[in-house]
Amino acid sequence: MNGWMKWLIAGLVLFMLVPNRYRLLNLLLGSSFLRKWAVRWTMGIPAIRSKFIQSTFR
């Protein structure tokens, strides 16, 4: 597959996902395993973790 064809397909996929991004996010986070993984992953990022802790324990 040519380079421009990959970009075209990626653009089309993105074009289809953007209007339904919240529906897709709700579908993915409906799974307890994926939800726990997402929370662990985001809490592993120091900037996000510190902002969350600061806003929670004011």
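This passage describes the confidence, overall form and selected side-chain features of a predicted model.

The structure is a prediction in which local features require pLDDT of at least 70 and side-chain atom pairs count only at pLDDT 80 or more, whereas totals for chains, interfaces and linings use all residues. Residues are numbered from 1 along each chain as its sequence is written, and side-chain values use heavy atoms, with hydrogens and water left out. The mean pLDDT (the predictor's confidence in each residue, from 0 to 100) is 89 for the protein, and 98% of the residues reach 70 or more.

The protein contains four helices and zero strands; these elements are DSSP runs numbered from the N terminus, with helices (H or I) of at least four residues and strands (E) of at least two. From the N terminus, the order of elements is α-α-α-α.

The protein has a value of 17 Å, while a compact globule of 58 residues would have one near 10 Å. The C-alpha trace spans about 50 × 25 × 20 Å along its principal axes. By relative accessible area (buried under 20%, exposed over 50%, partly exposed in between; 1.4 Å probe, protein chains only), 0% of the 58 residues count as buried.

One aromatic pair is found in a search of the whole structure. The ring centres of Trp 37 and Trp 41 lie 6.3 Å apart with their planes at 15°, so the pair is stacked. Pairing applies to rings of Phe, Tyr and Trp (its six-membered ring) with centres within 6.5 Å; planes under 30 degrees apart count as stacked, over 60 as edge-to-face and the rest as tilted. Trp 37 and Trp 41 are four residues apart in helix H3 and are therefore separated by about one helical turn. Trp 41 counts as exposed because its relative accessibility is 52%.

Ala 38 also belongs to helix H3 and is partly exposed, at 21% relative accessible area.

Conventions. The radius of gyration is taken over C-alpha atoms; the globule rule is 2.2 Å times the number of residues to the power 0.38.
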